[in-house]
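The stops below go from aromatic rings to a pocket and then to backbone angles.

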Amino acid sequence: MPVTTPGGADAATPAALAAMVEAYVVEHPAAAILEDGRVLFDMRTARYSVAESHGRCVLQLWSEERNLVRSVVSVQRRAGCLRMMTRRMGAPKPVALEVVPNADRRTPTARDASRRQYLRRLERVLLRAFPEWKPDGFRAATDLEHSFGPAYVRGHLLRGTAAEAVIGVGADESSAMVDGVLTLGLLWLNFCREQSLQKRHGSRHYGGLKVVVPYGEAQTTAERMVWLNHDAACFQLFTLDERSEELVEVDFRDIGNVESRLVHAFDIPAALERAEAGIARVMALVPEAARARVELRARTAAEVGLLLHGLEFARVRTGASAHSFSREQEITFGAGASETALNDETEPLCCELLERLFLSRQPDGEHADPLFRLQPERWLESRLRISLEEFFPGLRGDFLYSQVPAIGSGERGMLDLLTLDRGGRLVVLEVKADEDMHLPLQGLDYWIRVRALNAQRQVTRNKEIGAFERHGYFAGAEISLSDPKLLLLAPALRIHPSNETVLRYLSPQVEWELIAVGEHWRRDLRVVFRKRSEG
C-alpha cells in the first residue's frame with residue numbers, strides 16, 4: 001500500500017508515519033477512529049499518543065470505554081480519510097484503521113437521500129402550515145460562493161409581492177450543524193433580499209426569516225434569536241417532528257431567558273504556591289534559554305498548567321495522599337491529547353518532548369510542523385493575555401480571566417477571555433485564529449451568558465452585586481450594570497467574508513467590535529483594522 005510521505009514510500013520511517021498521523025489529528029480536531037466502519041474513538045474526548053518506539057511507530061488510543069495499542073505499518077492519505085494499516089501485538093495480519101474528519105459515517109448516497117427526503121417533507125409541512133403561502137425554490141445544493149452547504153434546506157414562501165426566507169435542518173445532521181442553522185439563515189435572508197433588489201421588475205419584499213430545527217433541539221437557536229435586530233426582519237423559530245410531521249412555533253423570547261450558573265473562583269497565588277515543587281521539577285527539564293517563555297496558569301485550586309504559547313505541555317495536580325493526611329503531587333506531561341506521568345522512567349521521554357516542543361513552537365517556526373500549528377487560537381489568546389493593556393489601553397489586564405467555567409442550558413461551557421474596561425464594564429473577547437463563519441454567533445453565546453450572570457443581582461452586606469462578585473471574580477472592583485461589550489478578534493485574512501453580514505443583524509443592544517490583526521501575529525501583534533456596531 002502506498003505511503004504518502006513527503007519523501008515518497010522509501011521515507012516512511014516510523015517517525016515519518018507518526019508525524020503523518022499526528023498532523024492529520026491536529027488538522028481535524030473532531031476526528032474519529034474507525035475499524036470495519038465502526039467508530040472506536042471520538043477524538044474530541046479520547047486521548048492518544050503516537051511516536052517511534054524501538055524501531056516501530058506505536059499508536060496508543062484510550063477513552064472511558066476502551067483502550068488500544070497498535071503498531072502502524074503504513075499510512076495512506078485519501079480524499080475523505082487517513083487509512084492506517086496497523087498490527088495488533090502478536091497478530092500475523094495487519095488490520096486497517098481509518099481516521100475520518102468527523103463521526104458522521106453516513107455514506108454519501110445515504111446522506112444525500114436523507115437530505116432529499118427532508119427537503120420534500122419540509123415543503124409538504126410548510127404547505128399545510130401556511131396554506132396562504134406558496135413554497136418555492138427549495139434546495140439543498142452546495143453554493144460555496146455564498147457559503148451555503150448541503151446540510152441546510154433553504155427556500156422561499158411567496159404570497160403576491162410578499163416573501164419569507166425559510167431555512168431548515170434535518171434530525172440526521174450533527175448537533176454542530178443544527179446549532180449553525182441561524183448563521184446560514186441570516187445569510188440566506190440577506191442573499192434573498194439582495195437578489196430581489198437586483199431585479200428591475202417583479203421584485204419581492206422579504207419581511208422575515210423562518211428557521212426550522214429538529215424537535216428538542218431549539219435551545220441554542222432560541223437563545224441567539226432573542227438578540228437579533230427585530231426591526232430588521234421578522235424572525236420565527238419552529239421545531240419539526242419528522243415522524244409525525246408536526247410543526248410547532250417556539251416562543252424564543254421566553255425560552256431565551258435561561259439562567260446561567262458560574263463556578264466559584266479560587267485563590268490563584270495559593271494554587272501556584274501549592275504546586276511550586278512540581279513546577280520546579282518540570283522547569284528543570286525545560287531548556288534553560290527557553291524558561292522565560294513558559295506561562296503558568298492555575299486551572300483549578302488543585303491543578304496548574306505549564307504552557308508554551310498557549311499549548312499546555314505539562315501539569316501539576318495536588319491532592320490528598322491515600323495513605324496519610326499529607327498532600328501529594330502528580331506531574332504529567334504531553335502535548336495535545338497525549339498525557340504521561342512524569343517519573344524517573346519517563347523523564348528522558350519528557351526531555352525529548354520538551355526539546356522538540358521548544359524548538360518547533362516559536363514565532364519563526366516551520367508552518368508544516370504539527371507542534372507549531374497546534375492550537376493556534378490558544379497561542380493568539382496567550383499573546384493577548386501577555387500584552388492586553390498595551391493592545392487594548394481601555395481594558396484592565398489585572399482582571400483578565402481565561403476559560404472561565406460556566407453552566408447554562410444544562411451544559412458546561414467556557415467563557416474564552418473575560419475582563420473589565422476602565423469604567424467597570426464587562427468585556428467578552430472571542431478569539432479565532434482560523435476562518436470561521438460562525439464567529440459572530442459563537443461570540444454572542446458568551447455575551448449572553450456573561451450578561452445573564454451579571455444580571456443575577458443579590459443584596460449582600462447591604463450592597464447589590466452580581467454573580468461574578470459573589471463567586472469571587474474581580475475582587476475589589478465594582479462591576480457596572482451595563483450590558484457587556486463583545487470583542488471579536490481574528491487575523492485579517494482569516495475573517496470569514498460572511499461575518500460582517502451576520503453582525504449587522506445583531507440587536508443594537510449588543511455592542512460589538514470586529515478587530516483584525518496582522519497575519520504575522522505570532523511575531524508581531526498589531527491591529528490592521530477595526531469595525532464597530534452602530535449606535
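**Stop 1: aromatic rings**

Select F391: at a relative accessible area of 11%, F391 is buried. Bear in mind that this is a predicted model. Now look at the two rings together. A ring pair is described by the distance of the centres and the angle of the planes. For F391 and F392, the centres lie 4.9 Å apart and the planes meet at 85°, so the pair is edge-to-face.

Move to F468 and Y473. Their ring centres are 6.1 Å apart with the planes at 85°, so this pair is edge-to-face. Are F468 and Y473 buried or exposed? Both F468 and Y473 are buried.

**Stop 2: charges over rings**

Select R154 and W188. The charged end of R154 sits over the W188 ring, 5.9 Å from the ring centre. Next, pick W379 and R522. Here R522 lies over the face of W379, and the distance to the ring centre is 4.8 Å.

**Stop 3: the second largest pocket**

A rolling probe the size of a water molecule shows where empty space is left. The second largest pocket holds about 840 Å³ of space. Its lining has 26 residues, and S49, V50, A51, E52 and L349 are the closest to the pocket centre. Colour α1 (14-27), β3 (47-53), β4 (56-62) and α9 (347-360): these are the elements that give two or more residues to the lining. Which element gives the most? That is β3, with six residues.

Now colour the lining of this pocket by residue class. The lining divides into 13 nonpolar, seven polar and six charged residues.

**Stop 4: positive phi**

Select H309, in the loop between β16 (303-308) and β17 (311-320). Phi of H309 is near 50°, a positive value in a residue other than glycine. H309 counts as buried, at 16% relative accessibility.

F474 lies in the loop between α14 (467-470) and β25 (485-491). Its phi is positive, about 55°, although F474 is not a glycine. How buried is F474? Its relative accessible area is 1%, so F474 is buried.

Note on methods:
Residues numbered from 1 in each chain as written. Predicted model: local features only at pLDDT ≥ 70, side-chain atom pairs only at ≥ 80, totals over all residues. Heavy atoms only, no water. Phe/Tyr/Trp six-rings, centres within 6.5 Å; stacked < 30°, edge-to-face > 60°. Buried < 20%, exposed > 50% of the residue type's maximum accessible area, 1.4 Å probe, protein only. Lys NZ or Arg CZ within 6 Å of the ring centre and 35° of its normal. 1 Å grid on protein atoms, 1.4 Å probe; cavity = no way out; pocket = protein on both sides within 12 Å on 5 of 7 lines; lining within 4 Å. Points joined across faces, edges and corners; volume = space filled by probe spheres on them. Helix = DSSP H or I, 4+ residues; strand = E, 2+ residues; numbered from the N terminus. Nonpolar A, V, L, I, M, F, W, Y, C, P; charged D, E, K, R; others polar.
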